[in-house]
Amino acid sequence: MIRSFTAHAGVRALVFASIAAAVCAAPALAQTLKFGLAMPLTGSQSSFGKDQIKAAEWAVADINAKGGVNGKKLEMIVLDTQGDATLGINAVNRLVNVDKVPVFVTAWSAVVKAVAPIANREKVLALSIGANSPDIAKLGDYVYTAFPLADVDVAAVANYTLKTLGKKRVAVIYVNNETGIEAAKVYRTQFEKSGGQIVAYETYDPKATDFTGALLKVRAANPEMIHLHGLVAEMPLVIAQMRQLGMTQRVTSYAGAYNPQMVEKAGKGAEGLIVTSLAPDARQNPNVSGYLERWKKAENRIPNGLPYTQYLYDSAYLVAALYDHLEKNKLPATGENMRRALLAVKTFDLPMTGKLVINEDHTVRKPVNLLTVQDGQFVPLATVD
Amino acid sequence: MFDLPILLQIGWTAVATSAYYVLFAIAFALTLKVAQVWNFVQAGVMGLAFYAMWLAMIRWQWPHAAGFALGLAVAVVVSAAVEAWGFRVLRQRNSSSLMLFIFAIVLAEFISYLLTLAFGTEPETLTKSIVSEVHLVGGVAITNWDLRALAITIAMSLALFAYLRFTRNGQFLYAVADNGPLAELYGISANRAYLLAMVISAVFVAAGVYLYGTRASMIPTQPLELMLFAVIATILGGIGSIHGAALAAVFLSLLQSASILVIPSAWQGSLTYFVLFIVILFFPTGFRFPAWLRRVTRGR
Amino acid sequence: MEYILSVLILIGIYTILASSFNLIIGFGGLISVAHPIFFALGAYASGLANLHFGVPIPAAIMLGSLFAALMSVALSLPSLRVSGDYLLIASIGFQLGFLEVIKNIEFAGGAGGLSNIASMYAGPYRSLAFAITILVIAALVVALVHWLTHGDYGRAIQAMRDDEECFTSLGRNPMAIKITIFAFGSGLAGLAGALYAHYFQYLTPEQFGIVQSSLILTMVVVGGMGTTIGPVVGALLLTALPQAITFLNLPSSVMAPLQGMLYTSLVLVFLFTRPAGLFGKPVRQ
């Protein structure tokens with residue numbers, strides 16, 4: 001009787017002890033490594049935003065499937081910005097004050113600029129991935145880009161036009177907003193510095209649907225080639241109207257134009273279009289073919305803005321690497337430490353985009369792939385380092 | 001830079017693209033003249049008609065004619081409903097013009113949000129590719145779209161003119177526009193006239209969005225902006241003059257296109273508003289044509 | 001907590017906007033939708049004065065308010081000379097035109113917006129300090145509008161609105177009163193703008209378009225035009241409601257247009273069933 005009682009007591013004690021242990025251990029297991037993602041889930045930019053979010057989600061799942069970061073799971077909190085500054089501020093405010101993330105990823109130049117004061121004031125690390133306004137490098141201590149800014153790929157295109165294609169008279173036409181104004185300046189500076197001549201420098205309103213005015217001015221200047229810097233929403237229309245006005249010049253653009261919609265909507269007018277890509281393709285990086293396969297199986301298409309999604313996929317790995325550094329150095333997960341980690345690690349080896357080096361001046365440089373449209377398809381043209 | 005082919009091109013393209021502005025202006029001016037209401041709901045009708053056509057032509061792959069018919073039907077039904085259950089009710093209550101205005105603009109916005117919910121904010125066109133055949137005539141690029149647009153606009157404008165001038169219903173519209181209560185005494189139903197005006201406007205709206213959607217792209221918030229052009233044209237043309245509104249629309253389009261010759265392209269968008277201001281300051285009752293021209297165009 | 005404070009701040013700002021708009025449209029009977037542009041002008045003027053000319057923030061805020069009031073005369077004077085209906089069209093043109101102008105001025109940040117505007121308060125209690133300041137100012141504004149419209153001047157405004165011809169024949173000048181009310185209301189909007197600028201520290205032209213116009217209009221119509229408490233309730237409801245909706249966790253693609261549809265359908269319902277708004281006295285037909 002007594003023996004069985006003590007035996008039962010022993011079993012009970014063991015059960016209680018294991019429950020107690022489990023309960024105490026549970027918070028440690030449930031603790032996740034949080035970071036924010038503020039992207040367009042809805043709105044005019046959502047076709048890009050959603051694909052970029054999906055890529056990041058896949059990366060988080062992949063990282064967690066392999067055990068996470070030193071056993072802890074990565075948790076990504078996604079909020080909608082619609083690519084709009086005010087909504088971006090709301091989203092980041094929530095991420096910083098309610099979800100208390102030490103680091104967040106965002107894109108679209110207007111949003112990045114709008115949330116910069118929050119990042120700087122609250123000392124939370126803002127990683128801009130995909131926005132390309134050169135101003136982003138100067139937005140403050142807590143704003144870093146992990147994506148090359150316009151001065152990298154636009155300059156590459158300008159050089160290619162002048163030096164490789166030998167065209168000395170070029171017209172620039174750009175959308176009159178954050179994306180276009182700065183990038184057009186970069187093109188002009190680079191092109192003129194290398195000895196070329198900008199014969200026309202025209203702009204159009206982001207909401208315009210008739211570009212005749214600007215296009216006629218360009219036509220009158222008789223350029224050899226035209227550099228177009230706008231959004232995928234209206235660029236095909238600009239090209240179509242260009243051809244409708246009898247202008248047959250070859251057109252160059254930037255990474256944003258590397259999109260099947262350009263060919264779909266502009267039809268034959270898009271032949272010869274030169275665009276840039278800042279991410280390695282399947283030949284240059286073996287991981288990319290597997291990535292494309294995954295898209296084919298899941299969505300039966302290639303993602304909108306493929307290179308951008310590659311960078312967003314890698315963003316999770318970047319954050320994981322930062323958390324890893326904090327763990328190894330026993331630093332608490334605050335924004336300040338995240339920033340320190342970024343600068344301490346400095347060089348990252350990321351699966352879809354290769355090596356990333358964070359420079360002191362808040363910039364990144366990458367090799368630029370140039371592609372052109374041939375028979376309705378994008379084919380590789382050249383690579384510029 | 002200012003050589004002849006360029007000037008001709010500017011002139012041609014400006015006139016061709018003024019086609020849809022003319023149609024929108026006529027629609028707006030007609031309802032203003034007959035019903036004395038600033039019909040901002042027209043923006044909502046424009047949006048609904050466009051997306052109905054888009055659904056039919058792009059999503060459901062209907063032939064263009066059928067798609068257009070659907071858009072037309074939607075425009076007519078919505079306009080009639082707005083008149084019967086909206087304006088008429090407010091009119092019967094002797095609501096102030098402020099109330100009518102609030103109703104019109106808020107309904108237009110409601111429709112805009114509804115369309116955003118249903119169709120998102122990606123720009124859409126009515127044809128897969130908006131490129132049409134180009135003919136180079138003496139250095140000026142003339143497209144098939146241009147020719148079609150001009151033909152449709154001129155035909156419809158003449159038809160309306162004939163209708164207003166030569167048919168009984170048309171005369172009734174004039175009568176009610178002039179003096180509603182007096183017309184009622186003669187047995188003309190003012191309500192019917194208002195309804196008729198709204199329906200005719202809907203037809204012009206449908207044609208206008210069809211032309212617009214085959215040349216440029218639309219998003220749910222665009223119609224309110226397009227309306228502004230129509231409103232300015234109506235004021236400039238003189239409130240009460242439909243021909244005036246049409247001609248003013250052409251003139252404004254020419255002005256906007258020709259402006260690139262003198263101002264940087266960045267300011268082109270602001271031009272319309274400066275013109276509005278100048279119009280309000282100096283031509284609030286419309287630009288006065290010389291008397292002999294007026295007699296011919298007014299047709300009275 | 002931070003989140004609640006930011007909502008309170010927004011409520012304060014919109015209370016000032018709705019009250020001042022009510023002064024113009026509800027009491028003054030002036031049909032204008034350009035209120036957001038004066039909101040914008042006050043915001044930009046204050047932000048720029050402080051950023052580029054080193055004007056201390058309280059003075060910059062006063063400057064912004066004054067600038068907005070002065071610019072309103074540029075709109076009201078020419079349009080009212082012609083007729084009240086024209087003010088409506090002119091105000092739409094004025095608002096959109098000015099937004100285009102701001103978009104093209106590099107000095108004001110252009111289309112990319114004006115960022116890094118100085119914050120009025122700093123430190124850990126920043127939001128609390130802002131919330132208190134703005135709510136106090138909002139209360140003062142409401143009291144001011146009430147005093148203005150219910151005293152002798154208020155009677156003059158009412159007389160002018162009810163029968164302008166009679167008013168003129170008595171030797172009073174309706175134009176002067178209209179322009180003054182318009183300037184006053186717009187100046188208050190400018191004040192709200194300046195406060196907004198120094199809290200959010202970032203301005204873009206997109207924030208001040210037609211959507212803002214209809215939001216403020218909704219607040220006034222639903223609350224009750226021509227009443228003092230109406231706009232306050234309108235501002236409270238229409239700022240708090242959308243925030244509450246975000247916590248329902250609906251898909252975002254549904255949320256934004258749904259909020260828009262909510263505002264507009266509220267106005268439409270009120271317009272047909274209770275035109276006087278929540279707090280207005282039903283008008284005898």
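This is a predicted model: local features need pLDDT of at least 70, side-chain atom pairs count only at pLDDT 80 or more; totals for chains, interfaces and linings use all residues.

**Entry 1: chain A overall.** I started with the contacts inside chain A. Among those between residues at least 6 apart in sequence, 66% join residues at least 24 apart. Next I looked up the secondary structure, and chain A has 12 helices and 14 strands. I then checked the dimensions: along the principal axes, the C-alpha atoms of chain A fill a box of roughly 105 × 45 × 35 Å. Chain A has 385 residues, and 58% of them count as buried.

**Entry 2: two helices in chain A.** How do the axes of helix 11 and helix 12 of chain A cross? I found that helix 11 (residues 306-328) and helix 12 (residues 335-345) have axes that come within 9 Å and cross at roughly 100°. Angles of 65 to 115 degrees count as roughly perpendicular, so helix 11 of chain A is roughly perpendicular to helix 12 of chain A. I listed who meets whom. Helix 11 of chain A brings A:Leu322, A:Tyr323, A:His325 and A:Leu326. On the helix 12 side of chain A I noted A:Asn337, A:Met338, A:Ala341, A:Leu342, A:Ala344 and A:Val345. Sorted by class, this contact of helix 11 with helix 12 has eight nonpolar residues, two polar ones and no charged ones.

**Entry 3: chain A against chain B.** I moved on to the interfaces. This contact takes 28 residues from chain A and 31 from chain B. Together the two chains bury about 2500 Å², with 54% of that on carbon and sulfur atoms. I looked for salt bridges across the interface of chain A and chain B, and the rule finds zero.

**Entry 4: chain C against chain B.** Here 41 residues of chain C are in contact with 37 residues of chain B. Chain C and chain B bury about 3600 Å² between them, and 80% of it is on carbon and sulfur atoms. Which residues of chain C lose the most area to chain B? I got C:Tyr86, C:Ile89 and C:Phe272, together 18% of what that side buries. For salt bridges between chain C and chain B, my count is zero.

Entry 5: Is C:Ser65 buried or exposed? Its relative accessibility is 16%, so C:Ser65 counts as buried, given that buried means under 20%. C:Ser65 lies in helix 3 (residues 57-82) of chain C. Leaving out residues up to four places away in sequence, C:Ser65 touches C:Gly187, C:Leu188, C:Gly190 and C:Leu191.

Conventions: Residues are numbered from 1 along each chain as its sequence is written. Chains are lettered from A and ligands numbered from 1 in the order in which they are written. Side-chain values use heavy atoms; hydrogens and water are left out. Axes are lines fitted to C-alpha atoms, for helices over the stretch in contact, and angles run from 0 to 180 degrees between N-to-C directions. Helices (H or I, at least four residues) and strands (E, at least two) are DSSP runs, numbered from the N terminus. Angles under 35 degrees count as roughly parallel, over 145 as roughly antiparallel, 65 to 115 as roughly perpendicular and the rest as oblique. Contact means heavy atoms within 4.5 Å. Ala, Val, Leu, Ile, Met, Phe, Trp, Tyr, Cys and Pro count as nonpolar, Asp, Glu, Lys and Arg as charged, and the others, Gly among them, as polar. Buried means under 20% relative accessible area, exposed over 50%, partly exposed in between (1.4 Å probe, protein chains only). Buried area is the accessible area (1.4 Å probe) that two parts lose on being put together, summed over both. A salt bridge is a side-chain nitrogen of Lys or Arg within 4 Å of a carboxyl oxygen of Asp or Glu.
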